[in-house]
Amino acid sequence: MKKLFLILLSVLCIGTLYSCQWLNNFFNPSVKLVEDYNVVISERRTADFINYADEYHLQNSSTTIYYLDNEGVPYVDIQQMFNLLKGFLHSEVLYYRNISNHETKIYYYVNLASNPLTCILNYQQDSIEANTYNFFQYYVYQSENTNAAKYLSLSGSTEYGDQSIKYSLQPYGFNVLAIKDEGEVKSLMPLSIFSMIFLSAGYYSLYYNGTTLNGVDLINDKNSAFYEAVRQGEYNDTNKSPSLINATYQSFIFGLDYFYGLREDPETSYRNLISQEYQNLMLSTNKEDNTLGYSSFVYQYLNEGHSSYQGPSLYDSPNAKFNLQNVSELGSRMQERYQVNQLLNEKFSQRFNGALTTDDLYSIVPAVRYQNNTAIIYLDQFNNGVEEEIYNSDGTYRSEAYKSDADALLNKAMTDIQTHPNVDKVILDISRNPGGNLGALLRVLGYLTDEPIRNAMVYNYTRSLSITNYLTDTNRDQNPANDAYSEYNWYLLISPVSYSAANIAASIFSNMNLGTIIGQKSGGGACGILPLILADGSTIVISGPNKFVTANEFNDSWIYWDNELGIFPNIYIDYKNFYDDAYLESILN
């Protein structure tokens, strides 16, 4: 599964977040204390914090985990967590001010000429309300190893609709508490809900295994070196309390209600959509039932490629993993995509013998190949390479960079095409491309057009629309004008395996009339991915809250539609002919 980086806009438009020394950082002692809620801190634990995300540099330290009323649900101190996560979050620019005896405002400035981004903790209503959902994105650090915004610049950005959002925790049985602990007033909330609200926009997650608090940048590799280390702790092979089982269920519903980008009716909670059969499994005291309940709901009910069940709870064994056993465990939409993928793999292997059995695909499949006056570029994903691995000291690409970076591949391909003066048609083959990174996608499209590339998104919970236009400096001359290879006739080869960023590429390609789409309908996928760490440490990935849409201006207003179910081609091709270069050339002629 590929990460579609949704905070690209914040990376581009924020150079410096402002720290204003004249602002006071204080708590008002009149804030309601824990005694007013009849809540008892039944246990405090000191946990070592270990950061496993190499995209961010955080200091390993320690923090306090709180348990309330012997319920077994871990709570954390919000301000302490912000300070702990400095290096992932710009904690140094956050200010805290009590604005009433039951409200604390957290705020920071993107620039001093504008109003601050604010977030209000309401202990009376058990709610967290931000004046814009961008509050939870703009304070995230640029990752250290990859740069999603490289060679991109903004040419305009506009937002429509109400950007504010209010998270109400009370309906899910959770609290935002102001307590007096060790002489200080602290704000507590459940660890899993803190992680969803404040961290998930940057794909960062926190796992508490009963021994250590572990920070990870979205576990995708179940065989990675740190997988068992993150899971290894005091909770392993122990029973979950009934309150924790319920909290896990409620945290799942909370995550779907507020963050699921494909939620159709914002007025209907997923607690009313989860069937009794699923609910019984999710609320069972049997851990295997829990795994079956959540995984079945994700794969069969949600039934789309961005949602997956990544791992069982931290109360299972430390080496517990979840793997689908049979394609029949998938919903109908995902079964169809799987079957097409198998068919295309067969055809691809026949054309490029051994390509799918090697770790070095591009040692067998050329980045660009030729059929008379037609060039065919094969791009297997929209990926960003690690900068120190793909660039020489003078900023040029290393010879092998194209194998791990989409922009480097297009650069290599177009450089080679320029040596073939008879070529006038270029096919960009993304038929086996499952997606990737938004920044990489935009840089690839910069080879096709000099026009601003429109990126339109709807924040699904608020239904607000943002329109952002990007320019790409394809030839690295500090000027994005006249960089594209628009003298060629461009074609895009797609299939149901073309998913996520590849589907968005097809959408933009079609809407901007960049050329002709050939193949079969793309697989869809209009959102990025978002990690949900439930109260028991179960890991679920869902379609995130930002939904990419096709948007066009009409009579001074915007009309838009999403492409979750895919983009149709202009020219239909049977699967058997996808990698038959002579056939592809013939239909273009």
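Arg-369 is buried, at 7% relative accessible area (buried means under 20%, exposed over 50% and partly exposed in between, with a 1.4 Å probe and protein chains only). The model is predicted: local features need pLDDT of at least 70 and side-chain atom pairs pLDDT 80 or more, while totals for chains, interfaces and linings use all residues. Residues are numbered from 1 along each chain as its sequence is written, and side-chain values use heavy atoms, leaving out hydrogens and water.

**View 1. Salt bridge between Arg-369 and Asp-581.** The N to O distance is 2.9 Å; a salt bridge is a side-chain nitrogen of Lys or Arg within 4 Å of a carboxyl oxygen of Asp or Glu. The pair joins distant parts of the chain, 212 residues apart: Arg-369 is in strand 15 and Asp-581 in helix 14 (residues 581–588). Helices (H or I, at least four residues) and strands (E, at least two) are DSSP runs numbered from the N terminus. Asp-581 is buried, with a relative accessible area of 6%.

**View 2. Lys-403 and its salt bridge to Asp-360.** The closest N and O atoms lie 3.0 Å apart. Lys-403 sits in the loop between helix 10 (387–390) and helix 11 (406–417), and Asp-360, 43 residues away, in the loop between helix 9 (332–351) and strand 15 (368–371). Lys-403 is partly exposed at 25% relative accessibility, and Asp-360 is partly exposed at 28%.

**View 3. Salt bridge between Lys-403 and Glu-400.** Here the N to O distance is 2.7 Å. Glu-400 is partly exposed, with 46% relative accessibility.

**View 4. A network of salt bridges.** Glu-43, Arg-45 and Glu-234 are linked in this network. The whole structure holds 12 salt bridges.
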